Amino acid sequence: MVLMDEILGWSQTLSPWKQDALRRLLIRDGVLEPGDYDELFSMMLAAHGLGDGNEPEPQPLAAEHIPVNPAQAPHVEVLALRKLKNVNRLAGGQTLSFEPAGITVIYGANGSGKSGYARVMKKACRAREDSEKIHTDLTDAAARAAVPSALFDLQENGNSKQIPWQMNRASPEELATISVFDSSCARIYLKPNQDVAYLPYGLDIVKNFGDVVLPELRQRVDRELAALNTSSADFEHLKGGTEIGRVLTGLSHLTDEKTLEPFADFSPEDEQELEALIKTLAEDSPKDKADELTGSYQRLKALANEVSEQGKHLTANSIKVIRVILDNLDTAEKAVEAASKLLHTDEEPLKGTGGREWKVLFEAAQKFAQAADYAENDDLPSKTGEKCVLCQQPLSDDGANRLSKFKAFVANEASTTLREQTAKYDKLIERVSARKVGFDPTKTLRGELERLNAQLANDTFDLETQLRERTDALLASIKSRNYAGIDEFDVSDIRGRLRQRAAAQLKAARRYSRAFDPKKRAELEQQKSELNAKKQFATLAHAVTTCLINMKRKNLLTKCNAALDTRTISNKTKELSEVHVNDELFTALKSEFRRLKVREVRVVLDTRVRRGIPQQTLSLDFNGSGRQEKLEEVLSEGEQRAIALSSFFAELQLANHRGGICFDDPVSSLDHQRRHLVAKRQVEEAQNRQVIVFTHDASFLGQLRDQIKRTGVKHKIHHLEWDNQRPGNVRNGLPWDQQKVSQRVDRLEQLQRKMNREWGAAQPNDEQVQEMRSCYSKLRATVERAVQDEVLAGTVQRFSDYIQPKMLDKVIKGFTAAENTRIQELYQRCNDVVDAHDASADGQKQVPTPDEFKDDIDELKAIIAAIGANQKH
C-alpha cells in the first residue's frame, strides 16, 4: 500500500477535477462509465471558466478511499461482524464470527445472504471496486430510506474494540488494513484497453488516467472545438474605417462583449439621423438650404414664444394670483361692512351705507367739495349750519354729527384696504379685457408648419380657439366673481413641440452649413458611414456576439487541452514504475504463477537504460512467443482469474505485513484443479495471517476442508440459510450436504424430539406429515453418507480430489452380509416414506410416528457401531 500512499500524495498536487478522476478510477475498478466522463468533462470546463452551474463539486481522492498500509498501522484482526441493520433482507440478530489466527470459510448458496455479508466486508475494508451498492429491504417501503449499518468486533494489537460501520460514511481506518480480492478486483490487473505490461495495484490508476481518461476528454474537447464557428465571413464587409469596423477588425477572445452593446441597437432616432445626413449630403446648394432652414427656425421659435406669451394669464401661477385678488377683495368688503355698523348707534342707516357704491358717492361728494372750494381744508362741510354739498341745506346738529362719522368711517383702515383691493381688482379686469388672443401667423408660416408636421399645425391653431374661449370665460368669471371659470390652462405641450421642431430646423440648418464647408462635410460623411455601419451591424449583432462567445470558448477550450497533456502523467507512471516494478516483484510474480500453475503466460522483466537511468518493465508474454497480445482475447476467464490471483498474492508477499485478507468467490471460472491450488494457497496464507473466504461453491468448500485437515490450521466454518422468510441466518459448521454422519444424526435426533413434543396422541395434520417425509428424506441422505464414511471408511468422498487407499482394509473388515441387509432394509423404509414419487391417493400409507422415527435413527446408529466394531477386529 506504500504505492497507493505515494499516489495519494501526488494527486494532491493536481487540480480538483483530476483528483476526482483518480478517485473514480479507484472505486470504478479503472473502468469509467459514460456518465463519469460527462461529469468529469463538466468539472474540467468549470475549472477553466466554462461551467454552467450544473456541474458536480469535485470529490478528490482521499485517504478514506484507499486501504491503510498495514505495515505502518496496528495489527488488526476481525473477530465478528454483527448487528447488521437494513442490509438487503438479511435476518437480524445474527453474528458472523471469524477465526483471528487462521481461516474462516463462509459458505452460502445463491440467495442465501452471502453477498450481503460480503458487500459489507468489502465496503468496510475499502475494496478497490466500490461501485457495488448495498440496498435495504426493497420489499419494505418503510425501510427504503434507512441506512445500512453494522458493528465489527476487532482485536487491535491484542486489545479488543468495537467499530461501527455505516453506509456512505468514511470506512474506519482499522478495517482498511484488510486486503480484499473479489471478482471485480480481478479485473484491475488485466484491462481490455491495456497492453500486457504488468502494473502493481494502484499504478494502473495512474496509467489509465493518462492513457484512457485524458485522451477521452481531449477527444471531447477537440469535437467541441471543431464544432465552434469563429468565422467572420458574415460581417467581413463591416470591417474597416468605422468605429464598429475597427472593433470587428480586432475581434478576438480578448474583446469585451460590452464594447458591442452601443452598436447593437439601431433606434428610430438613428434612422432619422441617417436619412437626414443622406439628404443633406445630396443637396446641391447647402448654403441656400441652411439659410432657408435658419429662417424657418426663427419663425417657429417666434411662434413658440407667442404661444407661451398668450397663455401666460392662464398658467397655474397666474390663476393663483387672480384667485388671491378676488379673495382679498371679498375679505376687504366684509371688513368694511363690519365697520359700517359703527356709523349708527340707535337708528338704522339707509341700505347700502358703507358699501362700495356708497363709498363712491361719498368720495365723489368729497371731490366736489374740494373742487368747488366749499369746505375748509379741502374737506366736506361737516359743521352745524354749513350747507351739505349733496342736499344743499344747512346741516343740523344731527346731520353734522352723522357726516363727521361718515368722514371717520371712510378714513379708517378697513376702508383704505378695500380701496386698495378694489383698485387691484379693477386693474385685473382691465388687463384681462385688454388681452388680445390670436397668433395671426402669416399664411406662409401656417403652410410651412403644416408641411413640417400637420398634426402640430392643427394642434397649434386649435390652441388659438381654446385660448380665446378660456380667456372670455376667465373674464366673465372675474367680473361676476364666480370661481367656476377660473381654471388654469397649460400651453407647454404645444410650446415645447414648436420649440422642438424649431430646434430640429436649426440643427438641420447647421448640418447644411457644415456640408458647405469641405472639412466639416468630411465629418458628416464619416457620421453617415458610422450610422450606416451601425444599421448593418444591428442585423448581424447576434451573429457577431455568437462568434465572440465562440472565440472566448475556443480560447478556454484550448487551455483545457493544455491541461489534458498526458506527458506529466506518463512521466509519473515511469517514475513510480522505476521504484515499484523491480526484481523482487518479478520474483514474487514468477513464484505465484508456478504455485497456481499459470503456464500460458510468462513473466518477463525488461530493463532498458534511458538517459543513463535503468528502467524496468514487467511484461506478460503469451506462451513465450514474444507477442504482446491482449490477454482477454487469448486467455479464458479462468486463466485470467488465475493470473489475477497470482498477482494479488505476489504483491502480498512484498507488502511486509501480516494484515488480514478477504476473498469473495475467488474461484469463479476456475477449473477443478485450479480451485484445489487456490484452496491450498489460501490455507497456506492462513498460517501467517487472518484469511476470510466467502464462497458459494460446494466443491471449493470441500477442497478447503481437505487443506484445513491436512495442515491443521485454526479455522471456523459457517454456512448461511433461510429461516422465517429471511436469508442470512448464520449457522456454525458445515451445511447439511457436507456434514459428517455424526453431525447429521444429532440433527435428526433434534428434529425427532421436536416432533414428539408437537404431535402428541392425535393424528398428524398435513403439515406434520410433510415434515415427517422431509425428516425421512434427511435420514435416507444420512444412510447414503454412512455408506461413504462408514461402510467405505472414507476411501472415496465426493468433492474430494483424492481417494484413501490405506482405508481399504477397514472396508474389507467392517462390512458383513448382516450389516448390508440392515442397511438395505433401513434405506427401503426411508424410500417408502419420502415423497420423491407421486403415489396414488388410495395407496398412500401413513407416515411413521415420532417414536418409529426414533427407532429408525437408533437402527442407523447401531449399524454404524457394528461396522466400527468389526473394523477393530
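1. Is Phe-663 buried or exposed? Phe-663 is buried, because its relative accessible area is 0%. Buried means under 20% relative accessible area, exposed over 50%, and partly exposed in between (1.4 Å probe, protein chains only).

2. Some ground rules. This is a predicted model: local features need pLDDT of at least 70, side-chain atom pairs count only at pLDDT 80 or more, and totals for chains, interfaces and linings use all residues. Residues are numbered from 1 along each chain as its sequence is written, and side-chain values use heavy atoms, with hydrogens and water left out.

3. The sheet. Six strands make an open sheet in the order β6-β9-β10-β3-β11-β12, with mixed pairing. From one strand to the next the twist averages 20°. Helices (H or I, at least four residues) and strands (E, at least two) are DSSP runs, numbered from the N terminus. Two strands pair if DSSP finds at least two bridges between them.

4. Inside the sheet, β3 (residues 103-107) runs parallel to β10 (residues 691-695), with five bridges. Ile-103 has Val-691 as its bridge partner in β10. Helix α21 (residues 672-685) packs on the sheet and touches β3, β9 (661-664) and β10. The direction of α21 makes about 150° with that of β10. Helix α22 (residues 698-711) also packs on the sheet, touching β3, β10 and β11 (715-723). Its direction makes about 160° with that of β3. Axes are lines fitted to C-alpha atoms, for helices over the stretch in contact; angles run from 0 to 180 degrees between N-to-C directions.

5. The core. The largest nonpolar core has 39 residues, and Ile-103, Phe-663 and Leu-704 touch the most other members. Helix α20 (637-654) gives the largest share, eight residues. Such a core is a set of buried Ala, Val, Leu, Ile, Met, Phe, Trp, Tyr and Cys residues joined through side-chain atoms within 4.5 Å. The contacts of Phe-663 include Phe-181, Leu-645, Phe-649 and Val-691, not counting residues up to four places away in sequence. Contact means heavy atoms within 4.5 Å.

6. The aromatics. The structure holds seven aromatic pairs. Phe-181 and Phe-663 form a tilted one, 6.2 Å centre to centre with 50° between the planes. This pair links distant parts of the chain, 482 residues apart. Rings of Phe, Tyr and Trp (its six-membered ring) pair if their centres lie within 6.5 Å; planes under 30 degrees apart count as stacked, over 60 as edge-to-face and the rest as tilted. Phe-181, Phe-648, Phe-649 and Phe-663 form one aromatic cluster. Phe-181 counts as buried at 1% relative accessibility, and so does Phe-649, at 1%.

7. A lysine to check. Lys-122 sits in helix α4 (residues 114-124). Lys-122 counts as buried, because its relative accessibility is 8%. Beyond its neighbours within four places in sequence, Lys-122 is in contact with Ala-127, Glu-132, Val-180, Asp-182 and Asp-664.

8. The hairpin. β4 (residues 149-156) and β5 (residues 159-166) pair in the antiparallel sense over eight bridges. They form a hairpin with two residues between them, and Asn-157 in the turn has a positive phi of about 50°. Seven of the eight residues of β4 are buried. β4 also pairs with β1 (residues 76-85), antiparallel, over seven bridges.
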